[in-house]
Amino acid sequence: MPPSHSETESVFSDCGGGGGRGAGVEEAGSIGLCAQSRLAEPGEALKKDLQHLSREERRRRRRATAKYRTAHATRERIRVEAFNMAFAELRKLLPTLPPDKKLSKIEILRLAICYISYLNHVLDV
């Protein structure tokens, strides 16, 4: 997004320009360097563009970047793998016939509940 007249004037007036659009540009060729040095950081221009947006809109735009999506997908993959490993470990502790029978996650949870109830009953007797 190109800067508006007021943003351009403020950049040049900070560098010693006359305040007007033409006056700041005509002075000594260092005005362009001064404006460049002021916006030297690549993220600074983006921050200025995002300042007028709401917090929710800034969050939405930040999440729309490819870098964010890739990092999020990696975190989600790690989380799902850990979740599946936890179910596999729980599955190994549950007695079923045949022992290698494939169970869904809900079946594993229901069987675990029944098995815990059974073990409590055995301990109470």
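## Second largest pocket

In this predicted model, the second largest pocket is lined by Asn84, Phe87, Ala88, Arg91, Lys101, Lys102, Leu103, Ser104, Lys105 and Ile108. Two elements, α6 (66–93) and α7, each give two or more residues to this lining. The largest contribution is that of α6, with 4 residues.

The space in the second largest pocket comes to about 150 Å³. Sorted by class, its lining holds 4 nonpolar, 2 polar and 4 charged residues.

## Overall fold

The protein has 7 helices and 0 strands. Along the sequence this reads as α-α-α-α-α-α-α. Of its 125 residues, 14% count as buried.

## Salt bridges in helix α5

The whole structure contains 5 salt bridges. One of them joins the side chains of arginine 60 and glutamate 57, at 2.7 Å from N to O. These two residues both belong to helix α5 (residues 55–63) and are 3 residues apart, about one turn of the helix. Glutamate 57 also meets arginine 61 in a salt bridge, at 3.4 Å from N to O. Here the spacing within α5 is 4 residues, again about one turn of the helix.

Arginine 60 has a relative accessible area of 48% and is therefore partly exposed. Glutamate 57 is partly exposed too, at 24%, a value that is not under the 20% cut-off for buried residues. Arginine 61, with 43% relative accessibility, likewise counts as partly exposed.

Glutamate 89 and lysine 92 form a salt bridge in which the closest N and O atoms are 3.3 Å apart. Both residues lie in helix α6, 3 residues apart, about one turn of the helix. Glutamate 89 is partly exposed, with a relative accessible area of 48%. Lysine 92 counts as exposed because its relative accessibility is 63%, and the cut-off for exposed is over 50%.

Shared partners link salt bridges into one network made up of Glu57, Arg60 and Arg61.

## Nonpolar surface patch

Tyr118, Leu119 and Val122 make a nonpolar surface patch of about 270 Å². Leucine 119 is found in helix α7, which spans residues 105–124. With a relative accessible area of 37%, leucine 119 is partly exposed. Patch residues need over 30% relative accessible area, so leucine 119 at 37% passes that cut-off.

Notes. Residues numbered from 1 in each chain as written. Predicted model: local features only at pLDDT ≥ 70, side-chain atom pairs only at ≥ 80, totals over all residues. Heavy atoms only, no water. Patch = residues over 30% accessible without salt bridge, like charges linked within 9 Å, V, L, I, M, F, W, Y side chains within 5 Å. Areas by Shrake-Rupley, 256 points an atom, 1.4 Å probe, with all protein chains shown as cover. Salt bridge = Lys/Arg side-chain N within 4 Å of Asp/Glu carboxyl O. Buried < 20%, exposed > 50% of the residue type's maximum accessible area, 1.4 Å probe, protein only. 1 Å grid on protein atoms, 1.4 Å probe; cavity = no way out; pocket = protein on both sides within 12 Å on 5 of 7 lines; lining within 4 Å. Points joined across faces, edges and corners; volume = space filled by probe spheres on them. Nonpolar A, V, L, I, M, F, W, Y, C, P; charged D, E, K, R; others polar.
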